[in-house]
Amino acid sequence: MAGRGRPRKFDRTTALERAMEVFWQHGYESTSMTDLTTAMGINSPSLYAAFGSKEELFRESVALYDATEGAPSSRALTDAPTARAAVEALLRANARAYTESGRPSGCMIVLAATNCSDANAPVQDYLAQWRRNGLQELTRRLDQGVRDGDLTEGADTAAVAAFYTTVVQGMSVQARDGATRADLERIAERAMAAWDAVTAPPPLMARTME
């Protein structure tokens with residue numbers, strides 16, 4: 001009689017959540033298989049059977065992070081009535097998320113693979129693509145603001161998105177270094193105080209003398 005496969009003795013979703021937190025806290029390269037199996041409550045064969053490899057587990061963890069921890073940022077861009085309100089909501093949502101008690105500080109997508117060996121370059125590239133996707137999403141929201149008339153016609157939306165993305169990423173680093181929610185809220189306030197200057201159309205190039 002053919003033997004039946006053993007049922008998994010762990011909850012895959014819970015195990016993935018725990019792996020996400022380990023990668024978020026320690027980064028991809030600094031996280032060992034022992035760190036993962038200990039946090040997930042499984043052995044190495046079970047991890048490989050369920051997730052394939054450390055890299056595949058990391059990729060699933062990033063997707064889970066985006067779907068859960070990243071949800072407030074996504075809602076900020078879709079729910080706010082104007083482009084300015086969307087950017088402000090994005091900054092404030094991240095000020096809260098990056099400093100939430102009981103969770104790793106900062107943003108996993110910003111921090112989990114900033115420095116990798118050549119062997120792990122695909123992991124670094126993977127997170128870089130997630131960051132580029134976020135930049136494009138913000139640019140599209142600003143483009144909508146131009147179409148809706150709440151953002152100045154001629155505004156360089158790609159540059160504006162890059163500016164505020166840089167602020168968000170800097171807030172993540174500050175949080176990892178110990179900044180509080182109040183600290184990040186002040187950064188958000190100063191960034192929004194610059195809104196008119198940042199969104200103003202770029203000046204025309206001076207014409208050269210004939």
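Start by selecting Phe10: this residue is buried, with a relative accessible area of 16%. The cut-off for buried is under 20%. The model you are viewing is predicted.

**Stop 1: around Phe10**

Phe10 sits in the segment before α1 (12-26). Phe10 and Ile42 are 32 residues apart along the chain, yet their C-alpha atoms are separated by 7.3 Å. Show the other contacts too. Leaving out residues up to four places away in sequence, Phe10 touches Ala15, Ile42, Ser46 and Ala50.

**Stop 2: residues 32-51**

Select residues 32-51. An unreviewed UniProt entry places the feature "DNA-binding region" here. The span is 80% helix and 0% strand. Its end C-alpha atoms lie 15 Å apart.

**Stop 3: the whole chain**

Zoom out. The protein chain has eleven helices and zero strands. Its C-alpha atoms fill a box of roughly 90 × 40 × 30 Å along the principal axes. Of the 210 residues, 40% are buried. Consider contacts between residues at least 6 apart in sequence: 70% of them join residues at least 24 apart.

**Stop 4: the nonpolar core**

In soluble globular proteins, nonpolar side chains tend to be buried together. Here the largest nonpolar core holds 60 residues. Select Met40, Leu57, Phe58, Leu91, Met108, Leu142 and Tyr164, which touch the most other members.

Stay on Leu91. Which residues does Leu91 touch, not counting those up to four places away in sequence? They are Tyr164, Val167, Val168, Met171, Ala188, Ala191 and Met192.

**Stop 5: Asn94**

Move along to Asn94, in helix α6 (residues 83-97). Is Asn94 buried or exposed? Asn94 is buried, with a relative accessible area of 7%. Set aside neighbours within four places in sequence, and Asn94 is in contact with Ser73, Val168 and Met171. Val168 and Met171 are also among the residues that Leu91 touches.

**Stop 6: α9 against α10**

Two packed helices are described by the angle between their axes and the distance between the axes. Select α9 (residues 157-176) and α10 (residues 181-193). They pack at an angle of about 165 degrees, with axes 10 Å apart. Angles over 145 degrees count as roughly antiparallel, so α9 is roughly antiparallel to α10. The crossing of α9 past α10 is right-handed.

Finish with the side chains between them. From α9, display Tyr164, Val167, Met171, Gln174 and Ala175. They meet Leu184, Ile187, Ala191 and Met192 of α10. Tyr164 was among the core residues picked at stop 4.

Notes:
Residues numbered from 1 in each chain as written. Heavy atoms only, no water. UniProt positions renumbered as here; feature names shortened; annotations may be inferred. Helix = DSSP H or I, 4+ residues; strand = E, 2+ residues; numbered from the N terminus. Core = buried A, V, L, I, M, F, W, Y, C linked by side-chain atoms within 4.5 Å. Buried < 20%, exposed > 50% of the residue type's maximum accessible area, 1.4 Å probe, protein only. Contact = heavy atoms within 4.5 Å. Axes fitted to C-alpha atoms, helices over the stretch in contact; angles between N-to-C directions. Parallel < 35°, antiparallel > 145°, perpendicular 65-115°, else oblique. Left-handed = near helix turned anticlockwise from the far one by under 90°.
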